[in-house]
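This note concerns the pairing of charged side chains. Please read the points below alongside the model.

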Amino acid sequence: MAAPLELSCWGGGWGLPSVHSESLVVMAYAKFSGAPLKVNVIDNTWRGSRGDVPILTTEDNIVSQPAKILNFLRKQKYNADYELSAKQGADTLAYIALIEEKLLPAVLHTFWVESDNYFTVTKPWFASQIPFPLSLILPGRMSKGALNRILLTRGEPPLYHLREVEAQIYRDAKECLNLLSNRLGTSQFFFGDTPSTLDAYVFGFLAPLYKVHFPKVQLQEHLKQLSNLCRFCDDILNSYFRLSLGGISPAGQETVDANLQKLTQLVNKESNLIEKMDDNLRQSPQLPPRKLPTLKLTPAEEESNSLQRLSP
């Protein structure tokens, strides 16, 4: 009997089985290849390291990072690329490199750096999946890590300033989306009628960008103009992820998402109220502490107390 395969990953929302692109890549590949994964969604009781998610665990191995996890699954005979030719395999590697170089920085920026998106959507959602007090710390660290990753690859000459970097990464991302759209054309998948590794990567990075409700939708608007890529994401969701990880249909998930949004708004209002109260307390005039009056005994009372202490 084969060792059980367990995948620890971020959970879902907005009709997606996961809102985390790299987790979604692995989950989609497992569906395409028939790998029997047991999915463990990170929740408020999870105590592992979240920096390495997704993580694949077996009796003898712990594997992180999508590329390494997919290679491990192939060695276990779960291969979604079995029918690809050598040229198609080379094209797969080229397009994955294109996605990681051109699209990934813009996806990171949309989720973690764009302030309206981060404070309204990304931070509240990820904080809701993390136990207190890490929920107050970890989203900020993830945001800084995303920004550092963007600047590490794009902050070199001649792009010195963040605004120049932002403009360039969105231009590159739109170009990447156009290339993917042209490559897909009217086909169901990128290499015919059967999904492969490339389909898993494209779906993993596009589906959250397509489905999550952001206030700032620069890249999302461009994606929604490419109808074949949107249809591609919808087809995979309907065919392979008809129910979310919690057994909730996409329609039911919308209700859950609406409730989460209301809860987020309520928490933000309470947080703002507490901050205002703290500001008012700091700004109010501070009175010195009152001293309690000292009670003095009369000579007769002092003599009476002295006699009581001396008596047996």
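1. In this predicted model, Asp91 and Lys87 form a salt bridge through their side chains, with an N to O distance of 3.0 Å. Both residues belong to helix H3 (residues 86-113), and because they are four residues apart there, about one helical turn separates them. Lys87 has a relative accessibility of 60% and is therefore exposed, the cut-off for that class being over 50%.

2. A second salt bridge joins the side chains of Asp172 and Lys102, at 3.9 Å from N to O. This pair connects distant parts of the chain: Asp172 lies in helix H6 (residues 162-184) and Lys102 in helix H3, 70 residues apart. The relative accessible area of Asp172 is 8%, so this residue is classed as buried, the limit being under 20%.

3. Asp235 pairs with Arg231 in a salt bridge whose closest N and O atoms are 3.6 Å apart. Helix H9 (residues 227-240) contains both residues, four positions apart, or about one turn of the helix. Asp235 has a relative accessible area of 26% and is partly exposed; Arg231, at 26% relative accessibility, is likewise partly exposed.

4. How many salt bridges does the model contain by the rule applied? The count comes to seven. The criterion is a side-chain nitrogen of Lys or Arg within 4 Å of a carboxyl oxygen of Asp or Glu, so the Asp172 and Lys102 pair, at 3.9 Å, qualifies.

Key: Residues are numbered from 1 along each chain as its sequence is written. This is a predicted model: local features need pLDDT of at least 70, side-chain atom pairs count only at pLDDT 80 or more; totals for chains, interfaces and linings use all residues. Side-chain values use heavy atoms; hydrogens and water are left out. Helices (H or I, at least four residues) and strands (E, at least two) are DSSP runs, numbered from the N terminus. Buried means under 20% relative accessible area, exposed over 50%, partly exposed in between (1.4 Å probe, protein chains only).
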